[in-house]
Amino acid sequence: KTVLPVVVATWHVEEATAKAMDVLQSGGTALDAVEQGCKIEEANEKGQSVGKGGLPDREGNVTLDACIMDDKGNCGAVVYLKDIKHAVSVARKVMEDTPHVMLAGEGAKQFALESGFEAEDLLTEASKKAWEKWKIEAKYKPIINIENHDTIGMLAVDKNGTISGACTTSGLAYKMNGRIGDSPIIGSGLFVDNEVGGATATGLGEEVVKTVGSFLIVELMRQGKTPQEACEEAIGRIVNKPGKDYKDFQIGYIAVNKKGETGCYSIHQYFSMTKYQDGENKQIQSDFFNK
Ligand code: SD4
């Protein structure tokens with residue numbers, strides 16, 4: 001049974017995984033595949049947690065976080081990027097065209113504009129309305145599983161076992177101005193090691209950062225765990241922390257290894273992974289801890 005190539009992504013994003021698989025099958029690299037796949041969701045205005053149409057921070061700013069990592073261990077990231085919807089492509093440019101790994105805010109935007117990206121208002125009418133409604137009570141509480149479509153983290157393994165990954169988000173809705181999550185942090189929201197596999201995260205970023213979740217999953221796979229076992233252990237590190245009330249927040253992890261085996265696990269129900277493998281592109285409901 002053919003298991004390579006394979007593309008996996010967080011949540012229900014079949015269009016994005018189809019795009020990535022298409023890139024792989026037409027001879028593109030795993031890096032091209034994850035970038036092109038993520039761009040589908042960044043351009044989708046209906047998705048209120050990625051790219052254009054993302055929900056703003058509590059002051060009304062839409063700020064994007066993204067990162068990308070290739071099979072050679074190169075990586076690039078942008079944080080607090082305003083007005084440029086394809087944050088994942090800017091992250092790739094940071095990786096390929098600068099001596100740095102991460103650019104933030106004004107500097108990231110300036111670099112994007114100089115690289116030919118177009119500025120546009122990312123706050124859509126629908127997101128503006130949602131924010132105005134939120135302001136009436138202005139209670140900050142991340143809601144678990146807002147919808148089945150959220151931050152996108154994507155991993156692709158080409159037919160030769162070459163792995164790349166990307167992660168892109170507008171972060172948590174109504175976050176404090178200036179807040180950065182896990183999604184652009186290499187090792188937290190995403191990690192790829194071409195010897196072993198890759199992992200990516202969605203959910204309450206603060207908790208992913210505290211446990212360096214994606215790096216942890218890749219290291220567990222290096223020690224012999226399957227992607228599924230590694231995701232479960234990484235969720236275990238979060239839910240078993242003393243005094244942590246995991247009942248109030250969601251985290252979902254997905255992982256793939258070099259052979260094309262995949263896994264996913266979350267704290268609560270309703271997390272899902274989209275997987276394109278062996279001619280089938282489908283959403284898989286994730287098993288979860290809190291039963
Ligand atoms: C963050 N992990 O900024 C992101 C948000 C997210 O589904 O995944 N939302 O913390």
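At which residue does UniProt place the feature "active site"? The UniProt record, an unreviewed entry, places this feature at Thr151; UniProt positions are given in the numbering used here, feature names are shortened, and annotations may be inferred rather than shown by experiment. The structure is a predicted model, in which local features need pLDDT of at least 70 and side-chain atom pairs count only at pLDDT 80 or more, while totals for chains, interfaces and linings use all residues. Residues are numbered from 1 along each chain as its sequence is written.

Thr151 is found in the loop between helix 5 (125-137) and strand 5. Helices (H or I, at least four residues) and strands (E, at least two) are DSSP runs, numbered from the N terminus. Thr151 counts as buried because 29 other C-beta atoms lie within 10 Å. A residue is buried if 20 or more other C-beta atoms lie within 10 Å of its own, exposed if 12 or fewer, and partly exposed in between, with C-beta atoms placed from the backbone. When neighbours within four places in sequence are left aside, the contacts of Thr151 are Thr10, Ser49, Val50, Thr169, Ser183 and Thr202; two residues are in contact if their C-beta atoms, placed from the backbone, lie within 7 Å. Thr151 also belongs to the surroundings of the ligand: 13 residues surround the ligand, and the closest are Asp150, Thr151, Gly171, Gly181 and Gly205. A residue is near a molecule if its C-beta atom, placed from the backbone, lies within 6 Å of it. The shell around the ligand consists of two nonpolar, nine polar and two charged residues, where Ala, Val, Leu, Ile, Met, Phe, Trp, Tyr, Cys and Pro count as nonpolar, Asp, Glu, Lys and Arg as charged, and the others, Gly among them, as polar.

Strand 5 was examined next. Six of the six residues of strand 5 are buried, so this strand is largely enclosed by the rest of the structure. In a regular strand the side chains alternate between the two faces of the sheet. Ile152, Met154 and Ala156 point one way from strand 5, whereas Gly153, Leu155 and Val157 point the other way. Strand 5 pairs with strand 1 in the antiparallel sense over four bridges; two strands pair if DSSP finds at least two bridges between them. In this pairing, Val8 stands opposite Leu155. Strand 5 is also joined to strand 6 by six bridges, again in an antiparallel arrangement, and Gly153 has Cys167 as its bridge partner in strand 6. Strands 5 and 6 form a hairpin with five residues between them, and Gly161 in the turn has a positive phi of about 85°.

Strands 1, 5 and 6 also take part in covering helix 2. The 14 residues of helix 2 (residues 30-43) should span 20 Å at 1.5 Å a residue, and the end C-alpha atoms are 20 Å apart, which agrees; the expected span is 1.5 Å times one less than the number of residues. Twelve of the 14 residues are buried, and helix 2 is thus mostly covered. Among the buried residues are Ala30, Leu31, Cys38 and Glu42.

Strand 7 runs antiparallel to strand 8 (residues 197-203), to which four bridges join it; Leu190 is paired with Thr200 in strand 8.

Several backbone features were also noted. A cis peptide bond, with omega about 0°, joins Leu4 and Pro5, and Pro5 is placed in the segment before strand 1. Positive phi values in residues other than glycine occur at Val212, near 45°, and at Tyr270, near 80°. Val212 lies in the loop between helix 6 (205-211) and helix 7 (213-222) and counts as partly exposed because it has 18 C-beta neighbours inside 10 Å. Tyr270 is found in the loop between strand 10 (262-266) and strand 11 (272-277); with 15 other C-beta atoms within 10 Å, Tyr270 is partly exposed.
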